[in-house]
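Keep the viewer open as you read.

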Amino acid sequence: MIMPEKITSERVILQAAKNPTFKLAEEIYAAVDKSRENLKKWLPWAETTLSAEDEFMYLSDWCDKHWREGTAFAYLIRKSNNSEFLGVIDIIKVDEKNKTSEIGYWLSSDAEGKGYMSEALKALEPELFKAGINRIEIRNDPQNTHSANVAKRAGYHLDGVLRQDRWSENKQRFHDSNIWSKLSSEQ
């Protein structure tokens, strides 16, 4: 699958997380570190991303590799007026045969509650549908109301809840997952 390297909307720019530099890793890591307490409630990687070096490995080993292969796509979310880093929105689990993909996302704690993620999602969706995806999924912990609200505002349908489908190593228990979807016919 081929995706554009840059997507713009009124307030945000989505920029491909490829060809990373260590300076970029430091910028992203600063946002992760500042937002760690909130992020680790929902995202296991927030517990293990403990340095800019860890972030650089993610950018080079996962993001850059998958961009080159066309199998997953990570976008940095930045403010359009000053390029301030806000967070990341990823296209993961691309299934070209079944024309499905999953979107994951996170924001720096100071960017939450301002509509940036909803805007980023709305900018990304048409590009996915244009690339041939028929169904986009979003998964979130039912207790993560911020994430669920992003899906609701964007018009996603709650397909159901997968009961105890994920093991949390740091919390030593199973978690449920909401499954939200939007079809290309619903755009």
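The lining of the largest pocket is made up of 20 nonpolar, 15 polar and 14 charged residues. Please keep in mind that this is a predicted model. The pocket holds about 1200 Å³ of space. To find its centre in your viewer, look for W42, L43, G104, Y105 and W106, which are the closest to it among the 49 lining residues. Strand β5, residues 100-107, gives the largest share of the lining, with 6 residues.

Now turn to helix α1, residues 22-39. What span would a straight helix of 18 residues have? At 1.5 Å a residue it would reach 26 Å, yet α1 spans only 22 Å between its end C-alpha atoms. If you trace the helix, you will also come across a kink of about 45°, centred on D33.

Which residues of α1 are buried? They are L24, A25, I28, Y29, A31, V32, S35, R36 and L39. The cover over these buried residues includes the helices α2 (45-48) and α3 (52-69), along with strands β3 (73-79), β4 (85-95) and β5.

N19 is not a glycine, but it has a positive phi of about 50°. You will find N19 in the loop between β2 (12-16) and α1. Is N19 buried or exposed? Its relative accessibility is 57%, so N19 counts as exposed. K93, which sits in strand β4, also has a positive phi of about 50° without being a glycine. With a relative accessible area of 58%, K93 is exposed.

Note on methods:
Residues numbered from 1 in each chain as written. Predicted model: local features only at pLDDT ≥ 70, side-chain atom pairs only at ≥ 80, totals over all residues. Heavy atoms only, no water. 1 Å grid on protein atoms, 1.4 Å probe; cavity = no way out; pocket = protein on both sides within 12 Å on 5 of 7 lines; lining within 4 Å. Points joined across faces, edges and corners; volume = space filled by probe spheres on them. Helix = DSSP H or I, 4+ residues; strand = E, 2+ residues; numbered from the N terminus. Nonpolar A, V, L, I, M, F, W, Y, C, P; charged D, E, K, R; others polar. Expected span 1.5 Å × (residues − 1). Bend = angle between axes of the 7 residues up to and from the residue. Buried < 20%, exposed > 50% of the residue type's maximum accessible area, 1.4 Å probe, protein only. Contact = heavy atoms within 4.5 Å.
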